[in-house]
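Here is a friendly walk through a protein chain, from its overall layout down to single side chains. Keep the viewer open and follow along.

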Amino acid sequence: MANRVIKGLGFNHIALYAKDYERSLEFYKALGLTKVVEWGEGKSRICLLDIGDGTRIELFAAGGDQYSANGKWLHFAMNAENVEDAYKTALEIGAASITPPTLMELDSKPNKITIKVAFVGGPDGEQIEFFKQMVNKF
């Protein structure tokens, strides 16, 4: 469904301050994200990583401890064809388990939907959700 107010509006990226830039960069690359472009040096390094569908994470080197224990955002969700495989891969490369793959039947309106989700913690404590809608459409 296209936005009727702002023509061409769509999601482009989410930005993350990384406490250890190299560690975070390697973590996301190990999840299969690809480096699109990188610029700057030292604490000014920034990298755009493509998730696989054109959506991107913008990784900033200037992170520190001044953020919440949950990382820099509540969570971000990536679609996954197989939530179990995505969760397993993330754990194998050092993610912390938060919620193992779980099937959830939502009492949503106007349509009830069923989703499968799993949550892991990334290198900076950020929460990453792997998401698959199983039944119905939003």
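The report below goes through the fold, the sheet, the hairpin, the aromatic rings, the salt bridges and a surface patch.

## The model and its layout

This is a predicted model, in which local features need pLDDT of at least 70 and side-chain atom pairs count only at pLDDT 80 or more, while totals for chains, interfaces and linings use all residues. Residues are numbered from 1 along each chain as its sequence is written, and side-chain values use heavy atoms, with hydrogens and water left out.

The chain has 2 helices and 8 strands. Helices (H or I, at least four residues) and strands (E, at least two) are DSSP runs, numbered from the N terminus. Reading from the N terminus, the order of elements is β-α-β-β-β-β-α-β-β-β. Of the 138 residues, 35% count as buried. Here buried means under 20% relative accessible area, exposed means over 50%, and partly exposed lies in between (1.4 Å probe, protein chains only).

## The open sheet

Four strands make an open sheet in the order β1-β4-β3-β2, with mixed pairing. Two strands pair if DSSP finds at least two bridges between them. The edge strands are β1 (13-17) and β2, each of which pairs on one side only. From one strand to the next, the twist averages 20°; the axes behind such angles are lines fitted to C-alpha atoms, for helices over the stretch in contact, and angles run from 0 to 180 degrees between N-to-C directions.

Within this sheet, look at β3 (residues 46-50) and β4 (residues 56-60), which pair in the antiparallel sense over 5 bridges. Leu48 stands opposite Glu58 in β4.

## The β6-β7 hairpin

β6 and β7 form a hairpin, with 6 residues between them. Strand β6 (residues 96-106) runs antiparallel to β7, and 8 bridges join the two.

How many residues of β7 (residues 113-121) are buried? The count is 9 of its 9 residues, so to speak a mostly covered strand. In a regular strand the side chains alternate between the two faces of the sheet. In β7, Ile113, Ile115, Val117, Phe119 and Gly121 point one way and Thr114, Lys116, Ala118 and Val120 the other way, and all are buried.

## Aromatic rings

The structure holds 3 aromatic pairs. Rings of Phe, Tyr and Trp (its six-membered ring) pair if their centres lie within 6.5 Å; planes under 30 degrees apart count as stacked, over 60 as edge-to-face and the rest as tilted. The rings of Phe27 and Tyr28 have centres 5.1 Å apart and planes at 85°, so this pair is edge-to-face. Both Phe27 and Tyr28 are buried.

Tyr28 also pairs with Phe76: the centres are 6.5 Å apart and the planes at 40°, so the pair is tilted. Tyr28 lies in helix α1 (residues 21-30) and Phe76 in strand β5 (residues 76-79), so the pair ties together parts that are 48 residues apart in sequence. The relative accessible area is 0% for Tyr28 and 7% for Phe76, which is buried too. Ring pairs link Phe27, Tyr28 and Phe76 into a cluster.

## Salt bridges

Side chains of opposite charge can pair when their charged atoms come close. A search of the whole structure finds 7 salt bridges, each being a side-chain nitrogen of Lys or Arg within 4 Å of a carboxyl oxygen of Asp or Glu. In helix α1, Lys29 and Glu26 are 3 residues apart, about one helical turn, and their side chains meet at 3.4 Å, N to O. Lys29 is partly exposed at 36% relative accessible area, and Glu26 is partly exposed at 43%.

Lys88 and Glu92 both lie in helix α2 (residues 83-92), 4 residues apart, about one turn of the helix. Their salt bridge has its closest N and O atoms 3.9 Å apart, and Glu92 counts as exposed at 57% relative accessibility. Salt bridges that share partners join Glu22, Lys35, Glu38 and Arg45 into one network. One of the links is between Lys35 and Glu38, with the closest N and O atoms 3.0 Å apart. Lys35 is partly exposed at 39%, and Glu38 is partly exposed at 28%.

## A nonpolar surface patch

Which residues form a nonpolar patch on the surface? Val36, Val37 and Trp39 do, with about 230 Å² of accessible area together. Patches are made of residues with over 30% relative accessible area and no salt bridge: like charges are joined within 9 Å, and nonpolar side chains (Val, Leu, Ile, Met, Phe, Trp, Tyr) within 5 Å. Accessible areas come from the Shrake-Rupley method with a 1.4 Å probe, and for residues only the protein chains shown count as cover.

Val36 sits in strand β2 (residues 34-39). Val36 is partly exposed, with a relative accessible area of 38%.
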